[in-house]
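Please go through the structure below with attention to its side-chain contacts, its chain interface and its aromatic rings. The report that follows takes these topics in turn.

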Amino acid sequence: MINQIVEYLRNADPLIQMSAVAAVLTLLGIIFALTYFKKWGWLWREWITTVDHKKIGIMYLICALLMLFRGGVDALLMRTQLAFPNMNFLDSQHYNEIFSTHGTIMILFVAMPLIFAMMNIAVPLQIGARDVAFPFLNAVSFWLFFFGALLFNLSFILGGSPDAGWVSYPPLAELSHSPGPGINYYVLSLQISGIGSIATGINFIVTILKMRAPGMTLMKMPLFCWSVLASCIVIIFAFPALTVALALLGMDRIFGTHFFTMLHGGNPMMYVNLFWVWGHPEVYIAILPVYGILSEVVSTFSRKRIFGYKSMVASLMLISVISYFVWVHHFFTMGAGPGVNSFFAVASMAVGIPTGVKVFNWLFTMFRGRIRLTLPMLWSLTFIPCFAVGGATGIMLASAPADYQFHNSYFVIAHFHQTLIGGAVFGLLAGMYYWWPKMFGFKLNETLGKWAFWFFNIGFYVCFMPQYALGFMGMTRRVYTYPAETGWGTLNFVSTIGAYLMGIGFLFIVVQILYSIRYGERDTTGDPWDGRTLEWSLPSPVPHYNFAQIPTVNERDAWWEMKQQRKEGILPPTKEPLKPIHMPNNSSLPFFMGLAFFVAGFGLVFNQFIIATVGLIGVVVCMLWRSLEKDTGHWISVDEIKQMEAS
Amino acid sequence: MKKTGISSRLKQVLFSFALLFLLTGCSDRFVLLDPAGPVARTENWNIMITFLLSMLVVIPVLAIMVYVVYRYRDRPGNKAPYTPNWDDSKILEVIWWGIPILIVAILGVFTVRDTFALTRPPSNQKPMTIQVVSLDWKWMFFYPESNIATVNYVEIPAGVPVQFVLTADAPMNSFWVPQLGGQMYTMPGMEMYLWLQADRPGVYDGKGANFTGKGFAHMNFQVVAKPQAEFELWVKSVKASAPPLTKEKYNQLVKPSIADKQLYSSYPATLYREIVDKNGGMYWRMHHGEHESHEHH
């Protein structure tokens with residue numbers, strides 16, 4: 001294994017060798033800084049062993065932003081290579097590795113942790129709960145995600161990245177055509193983080209269904225919680241399909257089975273089906289919580305109740321159901337009959353119906369409101385035209401006869417970036433800006449944020465509009481180079497400029513965060529946006545037990561109603577005296593369990609079964625240890641609560 | 001095949017509308033908007049109609065959004081009405097549930113009609129068959145009716161429906177000639193079927209559309225359509241002047257490499273079947289049987 005890695009690094013591209021050196025230096029820098037500032041204990045006690053959903057949410061957010069940087073650098077490298085015809089910046093192999101990891105990282109290690117961040121930060125607070133249903137499991141989920149992402153990111157410096165596209169179709173992804181460790185990294189890191197995702201799905205379904213404050217019936221629940229419920233339902237049904245697909249592909253590669261090769265009666269089509277049975281619902285997993293964030297933001301910053309609440313709930317649920325009837329549209333061109341293609345074409349178009357309804361409801365929430373153009377609102381507003389166009393091109397792709405032409409062309413690239421950036425990323429940034437004061441106790445600087453907003457948005461259109469045109473010009477996806485005669489040069493060059501503008505936009509966000517940590521406006525009220533839902537009734541940042549007293553809910557926008565009543569002079573009913581609160585203990589087991597999975601995964605990547613076994617034993621030991629633990633919680637006394645509340 | 005009765009005037013309008021959307025003027029590069037055969041034309045029509053109907057929603061949404069945000073901004077002295085508790089209107093909701101349902105229903109009808117239409121031969125002429133094998137990283141074409149073979153180059157008679165029978169002796173790829181019509185995957189051990197037809201003589205670019213590794217970007221080929229008589233002359237000249245394709249030569253071709261155009265005067269009769277079978281074709285046939293379209297219905 002060591003020889004293999006050394007050999008790989010010696011022959012690697014200078015770009016990869018440089019990043020390997022940079023990675024090692026960064027790591028040494030972090031270790032030095034933590035030691036110098038004596039922060040190891042703090043890091044361990046406050047963060048690594050925490051089971052507090054708010055801190056876990058923040059860790060998800062930080063990891064997602066780091067991964068967004070990595071995926072973004074990948075994107076810029078690709079766009080640089082494609083800026084001119086016949087470029088020689090990246091060779092074919094390196095380009096293939098970059099687009100494979102770009103896709104995987106952006107979907108699984110950016111979009112997923114970002115939605116998990118928002119869920120963790122907001123859901124328990126919005127429903128008036130002390131914590132999620134299974135705080136320990138929540139920490140396990142995070143560390144599985146973390147170590148999955150770490151394993152995936154090691155691939156480009158230790159042994160070679162996956163290079164068969166983010167979909168990794170066999171037989172290209174089989175040992176016969178991809179003999180290196182790259183696809184093993186892909187299979188195992190996705191598998192490890194996927195376990196965490198399923199656990200998060202279960203955790204939040206139970207949290208939402210069982211832990212709402214008294215009086216909060218389902219139809220009084222904030223729309224963000226509804227959207228998370230819809231998204232989690234999709235997670236628990238979709239992710240097992242990915243688990244199976246990856247497990248079988250892993251067995252083909254590591255143990256020599258033939259699930260996905262025709263040769264011994266297997267079938268690559270089975271992988272394609274399983275992958276997309278997960279893969280298409282996956283994009284709704286990422287987008288559904290965004291619909292919820294938008295509903296909260298649009299309502300708050302229009303100072304108006306959300307329009308058509310029942311329609312909004314119905315459309316969320318409808319999308320979570322229809323999402324299972326669309327997967328074949330990813331392979332209309334793999335020879336399914338016209339009946340099958342017709343069914344899946346119409347089902348795919350049908351997703352546009354509830355989505356369209358949501359857009360109209362947002363517009364009419366703003367209608368006759370008072371719209372404040374803050375950062376969260378700007379990102380929500382820009383979502384609407386972007387998603388409308390992305391939805392329209394989605395309908396164009398959903399029509400099977402049109403798809404026979406668009407499939408595998410740049411039109412597809414433009415479409416899904418428009419829905420995933422214009423949808424998921426814009427919406428999640430809106431959510432990040434919206435809940436930032438709640439998470440950290442200060443607001444982010446608006447001026448820098450507006451620079452980021454305009455750079456990112458203009459860059460987005462400059463980058464992806466030309467790609468629709470390139471699709472009409474017959475440019476196929478995943479080509480690392482193209483001859484000048486194709487005439488694709490100009491539009492590709494324009495697209496590359498757009499990508500760099502987006503890069504500048506991202507840098508502005510980084511600067512904005514760093515600047516605001518020092519100079520950002522402190523949030524002393526806990527309710528900086530004049531919010532409507534329960535999280536704004538708490539101080540920022542929120543004490544770790546959330547609510548000193550669990551509130552009673554009478555209305556849909558509970559906090560807004562309480563504020564209105566207070567204005568009218570109606571005092572809230574006298575509170576019962578404080579009682580001691582029971583909270584779960586911190587635990588290092590989730591971290592060690594993630595680490596054990598990482599060791600097992602790393603062993604399997606290189607077919608080192610001894611290392612893999614050690615890792616798996618570690619997992620079992622962690623589970624045993626946990627099940628033998630008797631005292632997993634502690635009480636917070638009334639005095640302590642009073643102290644916390646007073647400060 | 002009878003084409004859908006869309007007037008050329010309307011077509012021009014649609015075309016310029018699309019170009020407007022694409023912000024450009026040079027049309028001949030836009031191969032998807034320049035169909036050269038009945039299959040591509042059906043698909044092009046489908047693209048246009050989905051585009052137009054989607055715009056029926058997108059344009060009002062953009063207009064309403066700009067108007068609402070401008071009118072109801074929170075600024076001092078804004079006299080626009082403010083109704084913080086107005087959150088329900090059955091009439092409005094029925095309208096915007098209804099419109100998308102109607103649009104999807106209309107699109108659904110066209111989509112189903114065209115999807116079925118594309119599985120049938122595009123015209124009544126006597127069709128011909130060409131077998132296609134995608135290799136790493138080149139395209140192999142067999143002409144079973146005349147026993148010639150080509151690499152990265154395929155010649156067809158204009159005005160004749162051609163059934164391409166596709167398989168792979170390498171990872172999956174996708175066979176795509178944009179101006180003649182949509183694509184179909186090539187998969188090892190399986191056979192897929194794609195009808196294409198060129199209306200007029202010409203040279204059309206074909207490409208591998210599904211990623212297959214290092215040489216993927218160079219997996220392009222040309223489709224040359226010629227009048228029937230010239231096509232037959234070409235077949236004769238290939239038979240007369242090109243070398244035969246032997247098993248050894250094929251085994252060389254299978255190895256990953258990028259190739260130029262090549263012509264072969266003959267090939268072993270069983271070669272194509274062997275290619276399908278060595279990739280597991282017998283298991284495929286076990287489940288799917290021989291494809292009925294060999295009988296040219």
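## Contacts of Asp527(A)

In this predicted model, the side chains of Asp527(A) and Trp559(A) are joined by a polar contact of 3.0 Å, where a polar contact is a pair of N or O atoms within 3.5 Å, with the further conditions that within protein one atom must be able to donate a hydrogen and the other to accept it, and that residues adjacent in sequence count only if both atoms are side-chain atoms. A second polar contact, of 2.7 Å, runs from the side chain of Asp527(A) to the side chain of Lys563(A). When residues up to four places away in sequence are not counted, Asp527(A) touches Trp536(A), Trp559(A) and Lys563(A), contact meaning heavy atoms within 4.5 Å.

Asp527(A) lies in the loop between helix 17 (489-519) and helix 18 (558-567) of chain A; helices (H or I, at least four residues) and strands (E, at least two) are DSSP runs numbered from the N terminus. Its relative accessibility is 15%, so Asp527(A) counts as buried, the classes being buried under 20% relative accessible area, exposed over 50% and partly exposed in between (1.4 Å probe, protein chains only). Asp527(A) also belongs to a network of salt bridges that links it with Arg303(A), Asp530(A), Lys563(A) and Asp74(B).

## Basis of the model

Because this is a predicted model, local features need pLDDT of at least 70 and side-chain atom pairs count only at pLDDT 80 or more, whereas totals for chains, interfaces and linings use all residues. Residues are numbered from 1 along each chain as its sequence is written, chains are lettered from A and ligands numbered from 1 in the order in which they are written, and side-chain values use heavy atoms, with hydrogens and water left out.

## Salt bridges

A search of the whole structure gives 19 salt bridges over all chains, the criterion being a side-chain nitrogen of Lys or Arg within 4 Å of a carboxyl oxygen of Asp or Glu. One of them joins Lys55(A) and Glu46(A) at 2.9 Å, N to O; Lys55(A) is partly exposed at 21% relative accessibility, and Glu46(A) is partly exposed with a relative accessible area of 34%.

In chain B, Glu274(B) forms a salt bridge with Lys247(B), with the closest N and O atoms 3.3 Å apart. This pair links distant parts of the chain, since Glu274(B) is in helix 6 (residues 271-278) and Lys247(B) in helix 5 (residues 247-254) of chain B, 27 residues apart. Both partners are partly exposed, Glu274(B) with a relative accessible area of 33% and Lys247(B) with one of 34%.

## The interface of chain B and chain A

The contact takes 85 residues from chain B and 93 residues from chain A. Together the two chains bury about 7900 Å², 73% of it on carbon and sulfur atoms, where buried area is the accessible area (1.4 Å probe) that two parts lose on being put together, summed over both. Trp96(B), Trp97(B) and Phe211(B) supply 10% of the area that chain B buries against chain A, more than any other three residues.

Between chain B and chain A there are 31 residue pairs in polar contact, both residues being at pLDDT 80 or more. Helix 2 of chain B gives the most to the side of chain B that touches chain A, with 16 residues. The rule finds 2 salt bridges across this interface, and Asp87(B) forms a salt bridge with Arg305(A), the closest N and O atoms being 2.9 Å apart. That pair crosses between chains, from the loop between helix 2 and helix 3 of chain B, which holds Asp87(B), to the loop between helix 9 (268-301) and helix 10 (309-322) of chain A, which holds Arg305(A). Asp87(B) counts as buried at 16% relative accessibility, and Arg305(A) likewise counts as buried at 16%.

## Aromatic rings

Over all chains, the search finds 90 aromatic pairs, defined by rings of Phe, Tyr and Trp (its six-membered ring) with centres within 6.5 Å, planes under 30 degrees apart counting as stacked, over 60 as edge-to-face and the rest as tilted. The rings of Phe142(A) and Phe145(A) have centres 6.0 Å apart and planes at 55°, so this pair is tilted. Phe142(A) and Phe145(A) are 3 residues apart in helix 6 (residues 135-154) of chain A, and are therefore separated by about one helical turn; both Phe142(A) and Phe145(A) are buried.
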